[in-house]
Amino acid sequence: MRSVAIYDMDKTITRKATWTPFLIHAAMARAPWRLALLPAAGIASLLYLARAIDRARLKEVTHRLMLGRTIPPADLEAVAQAFADSVAASNMFADARKRVEADRAAGWEPVLATASHGYYARAIAARLGIAQVIATEARRDADGNVLAGIEGENCYGPAKLRLIEAWMAREGLTRSDLRIRFYSDHVSDAPVLEWADEPFAVNAHGPLRRLAAARGWTVLDWEG
């Protein structure tokens with residue numbers, strides 16, 4: 001049986017969320033004038049909070065504002081690598097690093113499953129030696145340029161479980177082939193936590209901490 005340890009990223013492995021910092025980093029690196037559009041991105045966030053748009057649309061709008069309509073893949077890769085370096089230096093729990101290494105040493109294959117865009121999540125995962133990444137993916141045009149639109153589903157909530165199952169299908173795996181650990185900080189990942197053999201509520205916010213207590217899930221608080 002194959003043992004797989006799946007990790008959420010934002011506030012599970014990283015101390016803080018990464019999307020807005022990535023957008024700011026990318027704008028500063030490529031087109032600093034786009035920082036003047038941050039108030040418009042803030043309005044989009046307010047529309048999301050008011051439930052006028054969903055999380056996927058929020059990502060598309062803020063990507064378009066801060067990165068532009070299209071971005072060549074080599075340019076985006078350079079920005080993502082530099083951003084991943086900054087995350088590894090100052091926005092990553094030391095305990096998360098230790099846990100990934102301990103799981104790997106115990107025979108668990110690490111996988112990152114995150115709502116963040118794959119174009120920078122893969123670079124962050126690489127800093128942890130994680131090769132398998134399940135993430136939100138961007139559309140691309142015929143020349144391979146990255147677009148603001150999302151390809152498929154935003155990897156959040158129940159969609160994260162569907163995308164994990166799609167990854168399993170591509171790998172030729174069935175659920176009975178696997179023993180799965182899953183680590184997350186947020187109650188939106190309850191579908192995957194319920195599905196996992198070993199669910200871990202990590203740095204859990206209130207709703208997840210209460211759910212973990214009710215379900216008997218292990219609660220971890222990472223430091224450093």
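**Aromatic pairs, cores and a helix contact**

Modeller: In this predicted model, the count of aromatic pairs comes to ten.

Biologist: Why is the pair of tryptophan 19 and phenylalanine 22 called stacked?

Modeller: The ring centres of tryptophan 19 and phenylalanine 22 lie 6.3 Å apart, and the limit for a pair is 6.5 Å. Their planes stand at 20°, whereas stacking requires an angle under 30 degrees; the pair is therefore stacked. Both residues belong to helix 1, three residues apart, which is about one turn of the helix. Tryptophan 19 and phenylalanine 22 are both buried.

Biologist: What makes the pair of phenylalanine 22 and phenylalanine 83 edge-to-face?

Modeller: The centres are 5.3 Å apart and the planes form an angle of 75°. Phenylalanine 22 and phenylalanine 83 are each buried.

Biologist: Why is the pair of phenylalanine 22 and phenylalanine 83 said to tie parts together?

Modeller: Phenylalanine 22 is in helix 1 and phenylalanine 83 in helix 4, so the pair joins parts 61 residues apart in sequence. Ring pairs also link Trp19, Phe22, Phe83, Tyr119 and Tyr120 into a cluster.

Biologist: Which residues have the most contacts inside the largest nonpolar core?

Modeller: They are Phe22, Leu112, Tyr119, Tyr120, Ile124 and Tyr183, in a core of 43 residues. Among the elements that each supply at least two residues of this core are helix 1, helix 4 (73–90), helix 6 (118–126) and strand 4 (132–140). Apart from this core lies another, of 25 residues, including Ile6, Cys155, Leu178 and Ala201.

Biologist: With which residues is tyrosine 183 in contact, leaving aside its neighbours within four places in sequence?

Modeller: The contacts of tyrosine 183 include Ile6, Tyr7, Asp8, Arg99, Asp103, Phe200, Val202 and Trp222.

Biologist: How do you know that helix 2 is roughly antiparallel to helix 3?

Modeller: Helix 2 (residues 38–49) and helix 3 (residues 55–67) pack at an angle of about 175°, with axes 10 Å apart. Angles over 145 degrees count as roughly antiparallel, and helix 2 therefore has that relation to helix 3.

Biologist: Which residues meet in the contact of helix 2 with helix 3?

Modeller: From helix 2 come Leu38, Ala40, Ala41, Ala44, Ser45 and Tyr48, which meet Arg55, Leu58, Val61, Thr62, Leu65 and Met66 of helix 3. By class, this contact has nine nonpolar, two polar and one charged residues.

Note on methods. Residues are numbered from 1 along each chain as its sequence is written. This is a predicted model: local features need pLDDT of at least 70, side-chain atom pairs count only at pLDDT 80 or more; totals for chains, interfaces and linings use all residues. Side-chain values use heavy atoms; hydrogens and water are left out. Axes are lines fitted to C-alpha atoms, for helices over the stretch in contact, and angles run from 0 to 180 degrees between N-to-C directions. Helices (H or I, at least four residues) and strands (E, at least two) are DSSP runs, numbered from the N terminus. Angles under 35 degrees count as roughly parallel, over 145 as roughly antiparallel, 65 to 115 as roughly perpendicular and the rest as oblique. Contact means heavy atoms within 4.5 Å. Ala, Val, Leu, Ile, Met, Phe, Trp, Tyr, Cys and Pro count as nonpolar, Asp, Glu, Lys and Arg as charged, and the others, Gly among them, as polar. A nonpolar core is a set of buried Ala, Val, Leu, Ile, Met, Phe, Trp, Tyr and Cys residues joined through side-chain atoms within 4.5 Å. Buried means under 20% relative accessible area, exposed over 50%, partly exposed in between (1.4 Å probe, protein chains only). Rings of Phe, Tyr and Trp (its six-membered ring) pair if their centres lie within 6.5 Å; planes under 30 degrees apart count as stacked, over 60 as edge-to-face and the rest as tilted.
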